[in-house]
Amino acid sequence: AILSASPFRRPFLPSSACIDVETDAMADEPASAYSDEEFTELLGFLSDPKMEVQRFAAEGVLAQTESPHFLEYCRRQPRKAARPLLRLAEKAEAENATSSAAATLAADGAKTSEQAKAARQ
């Protein structure tokens, strides 16, 4: 899969595209020029193991949210649109809970260490 080096230059670059003049022209096309296959591919990138790819895909989905063609695709294919977005949200919540728990444990560990030092003195 080829992704643009800058997520702000193009909202979406399908893996079948090559980085050349033709791709630059594609960036100027309206969202309705994208096919259902490209929307499916974009949503699939939300499940990519690489966090950078997921971030680019999320930015691409955000860029498409005002596109009537993308919204129609989501109405016709609700599971294909909702599932990767829900998984991404669940993953973010789990990571947040894990990092909060780790921070709490670290803070409690620091307090316990300080209490142990104070008891020894």
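## Close-up views

Both F70 and Y73 are buried (buried means under 20% relative accessible area, exposed over 50% and partly exposed in between, with a 1.4 Å probe and protein chains only). Everything shown here belongs to a predicted model, in which local features need pLDDT of at least 70 and side-chain atom pairs count only at pLDDT 80 or more, while totals for chains, interfaces and linings use all residues. Residues are numbered from 1 along each chain as its sequence is written, and side-chain values use heavy atoms, with hydrogens and water left out.

**View 1. The protein chain as a whole.** Welcome to the overall picture: the protein chain has 5 helices and 0 strands, running α-α-α-α-α from the N terminus. These elements are DSSP runs numbered from the N terminus (helices H or I with at least four residues, strands E with at least two). Of the 121 residues of the protein chain, 26% are buried. Where contacts (heavy atoms within 4.5 Å) join residues at least 6 apart in sequence, 56% of them link residues at least 24 apart.

View 2. The structure has 4 aromatic pairs. One of them is Y34 with F39, an edge-to-face pair with 6.2 Å from centre to centre and 70 degrees between the planes. Another is F70 with Y73, a stacked pair at 6.4 Å and 25 degrees. Rings of Phe, Tyr and Trp (its six-membered ring) pair if their centres lie within 6.5 Å; planes under 30 degrees apart are stacked, over 60 edge-to-face and the rest tilted. Y34 and F39 are both buried. F70 and Y73 sit 3 residues apart in helix α4 (residues 68-76), about one turn of the helix. Together, Y34, F39, F70 and Y73 make up one aromatic cluster.

**View 3. The largest nonpolar core.** Among the 13 residues of this core, L43, V61 and F70 touch the most other members. Helices α2 (36-44), α3 (51-64) and α4 are the elements that each give two or more residues to the core. A nonpolar core is a set of buried Ala, Val, Leu, Ile, Met, Phe, Trp, Tyr and Cys residues joined through side-chain atoms within 4.5 Å. Leaving out residues up to four places away in sequence, F70 touches F39, L43, V61, Q64 and T65.

View 4. H69 belongs to helix α4. Is H69 buried, partly exposed or exposed? H69 counts as partly exposed because its relative accessibility is 26%. A polar atom of the H69 side chain lies 3.0 Å from the backbone oxygen of Y34. H69 and F39 are 30 residues apart in sequence, and 9.7 Å separates them in space, C-alpha to C-alpha.

**View 5. Q54 and its contacts.** Q54 is part of helix α3. With a relative accessible area of 5%, Q54 is buried. Beyond its neighbours within four places in sequence, Q54 is in contact with F45, L46, S47, D48, P49, L88 and K91.

**View 6. Confidence along the chain.** The average pLDDT of the protein chain (the predictor's confidence in each residue, from 0 to 100) is 76, and 67% of the residues score at least 70. Confidence is highest in helix α4, at a mean of 95, and lowest in helix α1 (residues 21-27), at 39. Over residues 16-28, pLDDT stays under 50, and the model has 15 contacts there beyond four places in sequence. Where pLDDT is low, the predicted coordinates should not be read in detail.

Note on methods:
Polar contact = N/O pair within 3.5 Å; in protein donor to acceptor, adjacent residues only side chain to side chain.
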